[in-house]
Amino acid sequence: MPDQPAHMSPEEFRRHGHAAIDWIADYWASLDDLPVRSQAAPGDVRRLLPASAPEQAEPFDAVLADLDRVVVPGLTHWQHPRFFAYFPANSSPAAILGDLVSSGIGAQGMLWATSPAVTEVEQVVLDWFAEALGLPDAFHSDGPGGGVIQDTASTATFTALLAALHRASGGGVRRHGVGDAGWRVYGSTQAHSSLVKAAMMAGLGEDAVRTIDVDPATQAMDVDALRAAIVEDAAAGLRPVLVHVAAGSTSTGAMDDIAAVAAVAREGDVWVHVDAAWAGVAAVCPEHRAHLAGVEAADSFVTNPHKWLLTTFDCSTFWVRDRAALTGALSILPEYLRNAATESGDVVDYRDWHPQLGRRFRAVKLWAVLRTYGLEGLRAHVRSGVELARRVADLVAADDRFELVTEPSLSLVVFRLRAGDEATMAAMEAVNASGEAYLSHTTVEGRAAIRVAVGSWRTTPADVDRTWRALQEAASAPG
Ligand SMILES: *Cc1c(COP(=O)(O)O)cnc(C)c1O
C-alpha cells in the first residue's frame, strides 16, 4: 500500500482552526493602521512566492505566517473602516462562521437529493428574506415563483435573460439557439455592465442592447424614451425580450421607476428584471423601500447581501415570479443524475436555476446573518449607513470648494470639486495614495465625480470626518 498523506488530526484541526480565527480577529484589529489601498506594485507579491509547490509537507502555521508576510501587503482592505470605494463587500463575524460551517459540511447541493437541507434551508431563508424586504408573495417558494442564491448579480442577470428568452421563444431558444430573430434588450445608459455581458454570453451580442437615455438631474431612465424604443423596434420586426431596471445604479445610485417601466414592458410582453444589487437590501427598513415601488410587477429581482448586508461574498439573492421559465431554459437531466425525488416533481433541484451544476451551501451564512443580527439589527446597520452618508453630504455642502453632483442615494454620495475634473481626480488620487481612505470615481453627464459609498460594518462618524479632512487637505494642496 502506498503511504497515506498526513491529514491534520482532529486535535490539530481544532488548534489550527482556533489560530486561523485568531488571525482574522487580529487582522481586523490591525486595519485602522494599515493603508486602505494596497501599495503593492505589479509582481511584488509573486516575487515573495516560490516557483513551485513544496515537495515536503509544511505545517499550517507556515501558511498563516505567510499571510502576514506575503498576502497582507498585497491587499486592499475591503473591511477597513475607511473603505468607501465601489460598494462595500461586507463580511461579518456571523457570516464568516456560517461560511466556515458550510465548508466543513462540504455538501454539494446540485439536487435536492444530494442533500435535502441544502435546498430547503435556502428556500426558507429566501422566503424569509423576501418577506423582510417587502417583496411580493409571488416570489415566495410556495407559489409558482421562488428564490435562489447565485454567486453574483451578474449571474442573476444572465439567468434572467435566459429565462426571458425561453418565455418569449416558447422554448425555441433552448432547442435551436437565439438565431437571428432580432432579440433586443433594454437598459438605461446607467445600467450595470453585466447587462451587456449577459447579452454577449447569451449569444445575442452587445449590439442587441439598446441603451435608453436618462433624466440628467436624477440619472433615472427616461421611460417615454423606453416606450418609443420598444415600439420602434417592434415595428421594425425586432423582438424586445427584456428590460433591465436599475433600482440603485452603480455610478450614482439612480433609481429607475419600476412601476412605469413595467407598465411599458407589459404592453409588449417584455420581461422586467430589477437589478437592485446594491440598494435592494435597504428595503429591510420600511422607510427605505420607496425605490422598490412597483416591484410586484417585476418578473425577476436581484439584490446582493454580499455588498451592504454583512454577508461574506458570495451571496446574491435572486427571485423569479415564474420559476417554470427559469427551469424551462436551464433544466437538463443526464441519466447519472436521475433520482426518485426529481421524478416525483415534489422538490426543487437548484441546478436548474443557474448556469453551473454544482453549488455550495451558501444559505448557511445568510441564515446566520439573519438570525444573529435579527431584522432589527440589520435595519440598524442600514440606517447607520444612510446616516453617515447624510454626514458626508453635509460636509460637502459646508465647504464651497465642493458640490454635490446628485442627491445622496441611501448610503452613496457623489460630489466633485467646483474647480473641475482635474482637481477632482487629483484630490481623490491624493487621498487614495496616502492610504488614509479609499474612494472611487465616476463620470456624470461627462464630468468627473467622486463616489463615497458608506456602509462598511466598521465605519464610524470619526472615520467619515477623518476622510473628509484628508480630502480637504488634498483640495487645498497646490495642484
Ligand atoms: C455591483 C453591481 C452589480 C454586479 O454585482 P456582482 O454581484 O459583482 O455581479 C450589478 N448591478 C449593480 C447595480 C451593482 O451595483
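**Backbone features, domain contact and salt bridges**

Asp314 is located in the loop between β6 (300-303) and β7 (316-320); helices (H or I, at least four residues) and strands (E, at least two) are DSSP runs, numbered from the N terminus. The structure is a predicted model, in which local features need pLDDT of at least 70 and side-chain atom pairs count only at pLDDT 80 or more, while totals for chains, interfaces and linings use all residues. Residues are numbered from 1 along each chain as its sequence is written, and side-chain values use heavy atoms, with hydrogens and water left out.

Asp314 is joined to Phe313 by a cis peptide bond, with omega about 10°. Tyr86, although not a glycine, has a positive phi of about 45°; this residue is placed in the loop between α2 (60-71) and α3 (93-105). Most residues other than glycine have a negative phi, and most peptide bonds are trans.

The protein chain is divided into domain 1 (107-360) and domain 2 (369-476), with bounds that come from an automatic or database domain assignment. Taken over C-alpha atoms, the centres of domain 1 and domain 2 are separated by 30 Å. The contact (heavy atoms within 4.5 Å) takes 27 residues from domain 1 and 25 residues from domain 2. About 2,100 Å² is buried between domain 1 and domain 2, and carbon and sulfur atoms give 69% of this area. Buried area is the accessible area (1.4 Å probe) that two parts lose on being put together, summed over both. Of the area that domain 1 buries against domain 2, Thr252, Trp308 and Leu310 supply 32%, more than any other three residues.

Between domain 1 and domain 2 the count is 1 salt bridge, defined as a side-chain nitrogen of Lys or Arg within 4 Å of a carboxyl oxygen of Asp or Glu. In the whole structure, 29 salt bridges are found. Among them is the pair Asp32 and Arg82, at 2.8 Å from N to O. Asp32 lies in the loop between α1 (10-30) and α2, and Arg82 in the loop between α2 and α3, so the pair ties together parts that are 50 residues apart in sequence. Glu287 and Arg383 also form a salt bridge, with the closest N and O atoms 2.6 Å apart.

Strands β2 (residues 183-188) and β3 (residues 209-212) pair in the parallel sense over 4 bridges, where pairing requires that DSSP finds at least two bridges between two strands. Ser188 has Ile212 of β3 as its bridge partner.
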